[in-house]
Amino acid sequence: MSRIAYVNGQYVIHADASVHVEDRGYQFADGVYEVCEIRDGHLVDERRHLDRLDRSLRELRIDPPMDRGPLGVVLREVVARNRVRNGLVYLQVTRGVARRDHAFPAAGTPASLVVTARSVNFAASDKGAEVGIKVITVPDNRWERVDIKTVGLLPNVLAKQAAKEAGAKEAWFVDASGHVTEGSSTNAWIVTADGKLVTRSAESGILRGITRTVLFDLAEKEQLRIEERAFTREEAMGAREAFISSATNLVMPVVMIDGQAIGEGTPGPMSRRLRERYHAYAEFSV
Ligand code: PMP
């Protein structure tokens with residue numbers, strides 16, 4: 001069975017799927033994206049992901065390529081055509097195709113929409129979570145608007161590659177004041193000695209992760225203490241536990257930061273619990 005992608009109104013063979021050379025996503029990274037988990041054939045937290053997509057589009061003044069109803073149909077169609085029961089659906093919207101010029105194209109230039117989906121072996125990810133991951137830290141050299149989920153991900157790409165070359169799975173960005181902002185594609189969390197969950201405020205410096213938001217719900221309903229504040233690299237090194245969150249990783253324990261073991265050097269009980277309980281608080285749509 002061949003993989004299928006949706007590109008600007010058509011379902012095409014993935015290997016042949018392409019966009020125009022003057023697509024503004026290609027030339028200027030002038031676009032936004034979302035990644036949504038698929039579990040047992042359901043889209044997870046679709047509403048929140050599409051709300052965030054709307055916000056990203058609004059912030060960049062890109063006209064939505066279609067309404068939410070039809071977009072939901074396209075997402076489901078791509079998932080179905082690729083026979084994905086467990087995996088991810090990716091969607092990208094750019095400011096469309098126009099002669100290369102930095103300023104916006106003429107009003108009415110349609111946005112480009114691409115949707116792909118692929119299966120993920122979540123059992124392997126669960127196995128990985130039993131061991132935990134290593135993280136390195138790198139200076140945060142991104143622009144200020146990291147609250148917008150743009151496809152301009154070059155600092156993130158370089159950070160992730162640095163992590164890979166260091167034998168780690170993620171890189172945490174550290175700002176000029178020594179505080180951790182977030183991971184290259186995940187939000188960053190620690191658990192303090194007295195059991196409080198700590199993650200940076202989403203008011204600035206990070207993307208407001210959907211997984212992060214659901215973990216806030218979980219914490220509230222299960223009476224876990226949560227502190228929304230910045231923490232330094234040093235505080236993280238001395239924390240009882242650390243973990244990352246994202247739609248692709250859910251809750252993934254961090255057992256080492258820059259070569260130093262965190263807590264016992266194994267996934268801690270809080271990270272395990274949050275991972276196990278996550279789907280009890282996520283929204284599943286049909
Ligand atoms: N921060 C960044 C920079 C990311 O790319 C992501 C993943 N898209 C996240 C955080 C986590 O967001 P979510 O929980 O919505 O996947």
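This is a predicted model: local features need pLDDT of at least 70, side-chain atom pairs count only at pLDDT 80 or more; totals for chains, interfaces and linings use all residues.

Tutor: Let's start with the inward face: in helix 4, which runs over residues 122-131, Phe-122, Ser-125 and Ala-129 are buried. They sit on the same side of helix 4 because the arc they cover around the axis is only 50 degrees.

What do the buried residues of helix 4 pack against? Their partners are strand 3 (31-39), strand 5 (87-94), strand 14 (250-257) and helix 8 (269-277).

Now the two ends. At the start of helix 4, Asn-121 has a side-chain oxygen that comes to within 3.1 Å of the backbone nitrogen of Ala-123. Just after helix 4 comes Gly-132, with a positive phi of about 90 degrees.

On the subject of phi, most residues other than glycine have a negative one. Two residues here go the other way. Asn-8 is not a glycine, yet its phi is positive, about 45 degrees. You'll find Asn-8 in the loop between strand 1 (4-7) and strand 2 (10-13), and Asn-8 counts as partly exposed because its relative accessible area is 40%. Arg-61, also not a glycine, has a positive phi of about 55 degrees. Arg-61 belongs to the loop that links helix 2 with helix 3 (68-81); with a relative accessible area of 62%, Arg-61 is exposed.

Next, the ligand. It is surrounded by 18 residues, and the closest are Lys-149, Glu-182, Ile-210, Thr-211 and Ala-247. For Glu-182, a polar side-chain atom lies 2.6 Å from a nitrogen atom of the ligand. In the side chain of Thr-211, an N or O atom is 2.6 Å from an oxygen atom of the ligand. Ala-247 takes part through its backbone, where a polar atom is 2.8 Å from a ligand oxygen. Taken alone, the ligand would expose 390 Å², and the protein buries 94% of that. As for where the shell comes from, helix 2 (46-60), strand 9 (180-183), helix 6 (210-221) and strand 13 (241-246) each supply at least two of its residues. By type, the shell splits into eleven polar, four nonpolar and three charged residues.

Ser-285 is in strand 16 (residues 284-285), and it counts as buried because its relative accessibility is 18%, below the 20% cut-off. The side chain of Ser-285 makes a polar contact with that of Glu-46, at 2.8 Å. Setting aside neighbours within four places in sequence, Ser-285 is in contact with His-42, Leu-43, Glu-46 and Arg-76.

Ala-168 sits in the loop between helix 5 (154-165) and strand 8 (170-174). Ala-168 is buried as well, at 12% relative accessibility. Not counting residues up to four places away in sequence, Ala-168 touches Lys-134, Val-135, Ile-136 and Ala-163. To place Ala-168 in the fold, take Ala-117: the two are 51 residues apart in sequence, and their C-alpha atoms are 26 Å apart in space.

Conventions
Residues are numbered from 1 along each chain as its sequence is written. Side-chain values use heavy atoms; hydrogens and water are left out. Buried means under 20% relative accessible area, exposed over 50%, partly exposed in between (1.4 Å probe, protein chains only). Helices (H or I, at least four residues) and strands (E, at least two) are DSSP runs, numbered from the N terminus. The arc is that of the directions from the helix axis to the C-beta atoms. Contact means heavy atoms within 4.5 Å. A polar contact is a pair of N or O atoms within 3.5 Å; within protein, one must be able to donate a hydrogen and the other to accept it, and residues adjacent in sequence count only if both atoms are side-chain atoms. A residue is near a molecule or strand if one of its heavy atoms lies within 4 Å of it. Accessible areas come from the Shrake-Rupley method with a 1.4 Å probe; for residues, only the protein chains shown count as cover. Ala, Val, Leu, Ile, Met, Phe, Trp, Tyr, Cys and Pro count as nonpolar, Asp, Glu, Lys and Arg as charged, and the others, Gly among them, as polar.
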